[in-house]
Amino acid sequence: MTQIAEPEMARPSASNDVVPHWIGGRRVPGTSGRRGPVFNPASGQIAREVDFASIAEVDAAVAAAKAAFPAWRATSLSKRTEIMFKIRNLVEAHRKELAAHLTAEHGKVPSDALGEIARGIENLEFATGIPNHMKGGFSEQVSSGIDVYQIRQPLGVAAGITPFNFPAMVPMWMFANAIACGNTFVLKPSEKDPSASLFIAELLAEAGVPDGVFNVVNGDKVAVDRILEHPDIAAVSFVGSTPIARYIYETGTKNGKRVQALGGAKNHMIVLPDADVEMAADAAVSAGYGSSGERCMAIATVVAVGAVADPLVEAIAKRLPKIKVGPGTDPEAEMGPLVTRVHRDKVASYLDIAVAQGATVVADGREHPLYGSSDGFFLGTSLIDNVAPGMDCYRDEIFGPVLTVTRVGTYDEALQLVNDNPYGNGTAIFTRDGGAARQYQFDVNVGMVGINVPVPVPVAFYSFGGWKASLFGDLHMYGPEGIQFYTRAKIVTSRWPDPGTSKVDLGFPRTR
Ligand code: NAD
């Protein structure tokens with residue numbers, strides 16, 4: 001068995017002026033001469049820059065991962081388990097520093113950042129069960145003196161390409177199972193908030209992950225395209241917007257890779273007439289505006305069925321002025337800025353378009369004082385009522401603190417709306433009628449369903465995945481399907497020499 005050397009204690013460092021790559025167990029400054037700005041969304045200032053990898057730099061990371069693979073896959077399951085426990089404990093111990101990186105570059109408030117990390121830690125915990133998850137099967141005596149068994153083996157070098165909105169959790173969705181299964185990993189995080197990945201890389205090194213098992217290349221399309229075509233990368237996991245997810249899936253599979261590519265969303269929350277209006281309003285506000293609406297599982301559209309519409313819109317509107325918008329450094333802030341000015345302005349632009357297209361703006365986030373007075377990328381909460389399916393604010397994934405309400409007459413109309421939508425990530429139904437909820441769970445063409453639960457992100461021992469344009473590929477992410485994704489089956493048919501029973505037989509092997 002390969003012994004793993006104790007690494008030097010790598011101190012998780014504060015952010016640098018330029019965020020480098022992490023290759024072969026150390027920080028590697030970029031040499032491409034290309035960099036991008038990393039903003040502090042709360043101040044609107046460029047806080048630092050991030051190196052953009054060249055093809056050669058991606059190749060160096062893949063080479064490090066490839067070189068580390070043979071020893072890592074041969075490392076015992078119990079040693080890998082021990083390391084996963086150490087990673088879990090280090091992330092937990094350093095969660096506040098990690099959360100500070102999320103606040104500084106993404107803008108999310110600490111309660112939200114710590115929630116993201118807690119959900120990421122669930123995936124590390126799931127991966128500590130790797131000896132159990134990788135168990136195969138054994139069939140004794142399938143034929144006379146012959147046994148058959150299945151083992152699961154890692155693929156080799158796996159890559160992950162991640163979005164800006166969960167800079168810690170989504171990488172953990174991927175690398176926890178990938179490396180626990182014995183793969184080595186190359187992460188290409190979002191260029192908008194890359195520091196969390198470097199911080200995590202240092203924690204992994206401290207936990208005893210050997211050099212080269214986990215690598216980070218920062219960058220843009222150049223790095224992504226090299227990952228998609230690199231002959232030594234066996235599998236690509238992607239999370240991001242739908243157009244890029246489709247591109248990643250098509251290009252990666254064309255190049256012979258196993259690909260799972262999770263895309264965007266437009267999550268509907270159906271509220272039936274018998275629902276508890278106050279509970280539904282609390283849920284709609286929490287799920288619509290949490291993380292400034294920049295969650296793939298955010299509720300984007302409330303579908304109010306029948307007479308519930310008026311009291312529900314009123315109850316939602318009543319809650320909005322109480323939401324404290326501010327920088328994540330303000331302990332009272334509940335909702336931070338958006339990730340960039342360009343994105344903030346695009347989100348705000350939907351309000352005027354909605355009015356022009358005949359909707360009713362009940363609350364306008366541009367009226368929040370920070371929208372005009374701060375250099376940060378703030379926008380208050382917006383609520384748009386009387387939204388029809390043809391309108392831009394219904395059709396597009398806005399990905400901001402804008403909640404729309406569509407009024408329908410019946411459950412069937414509500415269901416039709418959800419099933420006609422091209423996205424199928426998450427949905428929720430609010431009702432006191434168990435039969436109606438069960439019918440919805442049966443009928444709806446969406447991958448993750450909440451019953452009186454607005455953000456039904458599965459726990460780590462299930463798997464996460466949408467349907468339709470929200471996921472390209474066959475396997476959902478993390479949990480049991482994550483183990484399947486990062487391993488392949490090998491079936492062994494075995495017979496031990498039994499003198500005297502052997503003979504020549506040119507017929508096709510039969511079991512009877
Ligand atoms: P994005 O698609 O712009 O970027 C995601 C990743 O792809 C980043 O690493 C980025 O550098 C890279 N990328 C961007 N443009 C590229 C291009 N032209 N070619 C190659 N690579 C490219 O997404 P984002 O804005 O960072 O994240 C928000 C999106 O992610 C939303 O649509 C959201 O719904 C989605 N998302 C989905 C899930 C899910 O589980 N389904 C989870 C989180 C976020």
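Author: In this predicted model, an N or O atom in the side chain of Glu191 is 2.7 Å from an oxygen atom of the ligand. Glu191 is also among the closest of the 26 residues that surround the ligand, together with Lys188, Ser241, Gly263 and Glu397. Gly263 takes part through its backbone: one of its backbone N or O atoms lies 2.8 Å from a nitrogen atom of the ligand. The backbone of Thr162 likewise places an N or O atom 2.8 Å from an oxygen atom of the ligand.

The packing of the helices can be described next. Helix α4, residues 110–127, and helix α6, residues 169–180, have axes that come within 8 Å and cross at roughly 10°. With that angle, α4 is therefore roughly parallel to α6. On the α4 side, the residues that meet α6 include Arg119, Ile121, Leu124 and Phe126; on the α6 side, Met169, Met172, Trp173 and Phe175 are among them. By class, this contact of α4 with α6 comprises 10 nonpolar, 3 polar and 2 charged residues.

A second pair is formed by helix α1, residues 55–74, and helix α8, residues 221–229, whose axes are 9 Å apart and pack at an angle of about 50°. These two helices, α1 and α8, are therefore oblique to each other, and their crossing is right-handed. Ile55, Val58 and Asp59 of α1 make the contact with Val222, Ala223, Arg226 and Ile227 of α8. The residues of the contact of α1 with α8 divide into 5 nonpolar and 2 charged, with no polar residue.

Definitions and conventions. Residues are numbered from 1 along each chain as its sequence is written. This is a predicted model: local features need pLDDT of at least 70, side-chain atom pairs count only at pLDDT 80 or more; totals for chains, interfaces and linings use all residues. Side-chain values use heavy atoms; hydrogens and water are left out. Axes are lines fitted to C-alpha atoms, for helices over the stretch in contact, and angles run from 0 to 180 degrees between N-to-C directions. Helices (H or I, at least four residues) and strands (E, at least two) are DSSP runs, numbered from the N terminus. Angles under 35 degrees count as roughly parallel, over 145 as roughly antiparallel, 65 to 115 as roughly perpendicular and the rest as oblique. A crossing is left-handed if the near helix is turned anticlockwise from the far one by less than a right angle, and right-handed if clockwise. Contact means heavy atoms within 4.5 Å. Ala, Val, Leu, Ile, Met, Phe, Trp, Tyr, Cys and Pro count as nonpolar, Asp, Glu, Lys and Arg as charged, and the others, Gly among them, as polar. A residue is near a molecule or strand if one of its heavy atoms lies within 4 Å of it. A polar contact is a pair of N or O atoms within 3.5 Å; within protein, one must be able to donate a hydrogen and the other to accept it, and residues adjacent in sequence count only if both atoms are side-chain atoms.
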